[in-house]
Amino acid sequence: MPTRPNSSLEEINTSIQDQVNRWSVSDIENQEIFSKVVGLQLKKIRLIRKKTQTRLANKIDVTFQQLQKYEKGTNECRLINLLKLSEALDVELDYFYKPLLENNLKFLTKRERNGYVKYNEQIR
């Protein structure tokens with residue numbers, strides 16, 4: 001469900017849960033889901049803090065169009081910008097991916113997903 005500029009927090013939370021439910025389809029899907037969850041969390045906290053995209057973007061030295069792309073999940077937000085956003089919005093860094101942590105979702109390697117174990121685990 002695409003989010004509108006005036007999305008309510010409830011709609012954003014529903015969109016986050018929809019993304020979490022799609023987890024583990026493939027590595028590429030997981031990367032897209034991660035970006036979308038980060039973006040939705042960013043949008044949610046920005047609305048809670050009553051910040052405009054323009055002001056927040058200026059604060060972290062990106063364009064408001066870039067911030068829009070972060071919020072939509074179309075562009076991946078670099079770690080340095082996530083750190084700046086967490087400072088500007090007064091949240092911990094893990095706030096942005098917290099829904100994934102709360103659902104114990106992990107990025108597994110292809111080998112782990114296919115049932116291979118590490119050598120050290122085999123000899124225990």
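## Basis and confidence

The model is predicted: local features need pLDDT of at least 70, side-chain atom pairs count only at pLDDT 80 or more, and totals for chains, interfaces and linings use all residues. Residues are numbered from 1 along each chain as its sequence is written, and side-chain values use heavy atoms, with hydrogens and water left out.

The pLDDT is the predictor's confidence in each residue, from 0 to 100. Its mean over the protein chain is 86, and 81% of the residues reach 70 or more. Residues 1-5 have a pLDDT below 50, and this stretch has nine contacts in the model beyond near neighbours in sequence; a contact means heavy atoms within 4.5 Å. Where pLDDT is low, the predicted coordinates should not be read in detail.

## Overall architecture

The protein chain has eight helices and zero strands, giving the pattern α-α-α-α-α-α-α-α along the sequence. Helices (H or I, at least four residues) and strands (E, at least two) are DSSP runs, numbered from the N terminus. Of the contacts with a separation of 6 or more, 61% join residues 24 or more positions apart.

The chain holds 124 residues, and 33% of them are buried. Buried means under 20% relative accessible area, exposed means over 50%, and partly exposed lies in between (1.4 Å probe, protein chains only).

## Helix H2

Helix H2 covers residues 27-48, which is 22 residues. The expected span of a helix is 1.5 Å times one less than its number of residues. After H2 comes Lys-50, with a positive phi near 60°.

## Nonpolar cores

A nonpolar core is a set of buried Ala, Val, Leu, Ile, Met, Phe, Trp, Tyr and Cys residues joined through side-chain atoms within 4.5 Å. The largest one has 17 residues, of which Leu-42, Leu-56, Leu-67, Leu-85 and Phe-96 touch the most other members. The elements giving two or more residues to this core are H2, helix H3 (53-60), helix H4 (64-72) and helix H5 (79-89). H5 gives the most, with four residues. Leaving aside neighbours within four places in sequence, Leu-85 is in contact with Leu-42, Leu-56, Ile-60, Leu-67, Cys-77 and Phe-96. A second, separate core has eight residues, among them Ile-33, Val-37, Leu-40 and Leu-100.

## Aromatic pairs

Rings of Phe, Tyr and Trp (its six-membered ring) pair if their centres lie within 6.5 Å; planes under 30 degrees apart count as stacked, over 60 as edge-to-face and the rest as tilted. The count by this rule is two aromatic pairs. In the case of Tyr-95 and Phe-96, the ring centres are 5.6 Å apart and the planes stand at 80°, so this pair is edge-to-face. Both Tyr-95 and Phe-96 are buried.

Gln-19 belongs to helix H1 (residues 9-21). Its relative accessible area is 12%, so Gln-19 is buried. Beyond four places in sequence, Gln-19 touches Ile-33, Lys-36, Val-37 and Leu-40. The side chain of Gln-19 also makes a polar contact with the side chain of Arg-22, at 2.7 Å. A polar contact is a pair of N or O atoms within 3.5 Å; within protein, one must be able to donate a hydrogen and the other to accept it, and residues adjacent in sequence count only if both atoms are side-chain atoms.

Asn-81 is found in H5 and counts as buried because its relative accessibility is 6%. Not counting residues up to four places away in sequence, Asn-81 touches Ile-60, Val-62 and Tyr-70.

## Exposed residues and positive phi

Glu-87 is also in H5, but at 67% relative accessibility it counts as exposed. Glu-87 and Ile-60 are 27 residues apart in sequence, and their C-alpha atoms are 9.4 Å apart in space.

Most residues other than glycine have a negative phi. Asp-90 has a positive phi near 55° and sits in the loop between H5 and helix H6 (98-102). Its relative accessibility is 63%, so Asp-90 counts as exposed. Asn-104 likewise has a positive phi, near 55°; its place is in the loop between H6 and helix H7 (110-113). With a relative accessible area of 55%, Asn-104 is exposed.
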